[in-house]
Amino acid sequence: MSFATFRRYLVLVLLILFVGYFGVWQLYSMMLPALGLIWASVLGMLAATGLGVIAVVGVVIVRTKEVMDATPPDELKHKG
């Protein structure tokens, strides 16, 4: 794994931690007194599902960039 790939994964992990804390945990803790335990949990699970989508898409982007960097430029041209 190159340093560039490591850096991409590090940025992705930091993004997931940031969104996980401010987008899921803080949303849950702010909605808990207003909505109650059940609905705040449902809302938190929906936000966590969105966070999972962000994580999966981020990994796909990092892996695609890693494959594109490893592919020689000749093979990227369309031969047709």
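**Note on a predicted helical model**

1. Phe18, Tyr21 and Phe22 form one aromatic cluster. A search of the whole structure finds 3 aromatic pairs.

2. How are the rings of Phe18 and Phe22 placed relative to each other? A pair of aromatic rings is described by the distance of the centres and the angle of the planes. For Phe18 and Phe22, the ring centres are 4.9 Å apart and the planes meet at 50 degrees, so this pair is classed as tilted. The two residues belong to helix H1 and are 4 residues apart, which means that about one helical turn separates them.

3. Trp25 and Tyr28 also form an aromatic pair, and this pair too is tilted, with 5.7 Å from centre to centre and 35 degrees between the planes. These residues likewise lie in helix H1; because they are 3 residues apart, they are separated by about one helical turn. Are the two partners buried or exposed? Trp25 has a relative accessibility of 47% and therefore counts as partly exposed. Tyr28, by contrast, has a relative accessible area of 19% and is buried, because the cut-off for buried is under 20%.

4. The chain contains 3 helices and 0 strands. Read from the N terminus, its elements follow the order α-α-α. The radius of gyration of the chain is 19 Å, well over the 12 Å that the globule rule gives for 80 residues, so the chain is more spread out than a compact globule. The C-alpha trace spans about 60 × 30 × 10 Å along its principal axes. Of the 80 residues, 12% count as buried.

5. How do helices H1 and H2 run relative to each other? Helix H1 covers residues 3-35 and helix H2 covers residues 37-70; their axes come within 9 Å and cross at roughly 170 degrees. H1 is therefore roughly antiparallel to H2, because angles over 145 degrees count as roughly antiparallel. The residues of the contact of H1 with H2 comprise 22 nonpolar, 6 polar and 5 charged.

6. Two pairs of positions show how residues separated in sequence are placed in space. Val62 lies in helix H2. With a relative accessibility of 6%, Val62 counts as buried. Val62 and Arg8 are 54 residues apart in sequence, while their C-alpha atoms are 6.4 Å apart in space.

7. The second pair involves Val19, which is found in helix H1. Val19 has a relative accessible area of 22% and is partly exposed, because buried requires a value under 20%. Val19 and Gly50 are 31 residues apart along the chain, and their C-alpha atoms are separated by 9.7 Å.

8. How confident is the predictor in this model? The chain averages a pLDDT of 88, and 91% of the residues score at least 70. Among the elements of the chain, H1 has the highest mean pLDDT, at 93, whereas helix H3, residues 73-76, has the lowest, at 66. Where pLDDT is low, the predicted coordinates should not be read in detail.

Note on methods: Residues numbered from 1 in each chain as written. Predicted model: local features only at pLDDT ≥ 70, side-chain atom pairs only at ≥ 80, totals over all residues. Heavy atoms only, no water. Axes fitted to C-alpha atoms, helices over the stretch in contact; angles between N-to-C directions. Parallel < 35°, antiparallel > 145°, perpendicular 65-115°, else oblique. Nonpolar A, V, L, I, M, F, W, Y, C, P; charged D, E, K, R; others polar. Phe/Tyr/Trp six-rings, centres within 6.5 Å; stacked < 30°, edge-to-face > 60°. Buried < 20%, exposed > 50% of the residue type's maximum accessible area, 1.4 Å probe, protein only. pLDDT = per-residue confidence, 0-100. Rg over C-alpha atoms; globule rule 2.2 N^0.38 Å.
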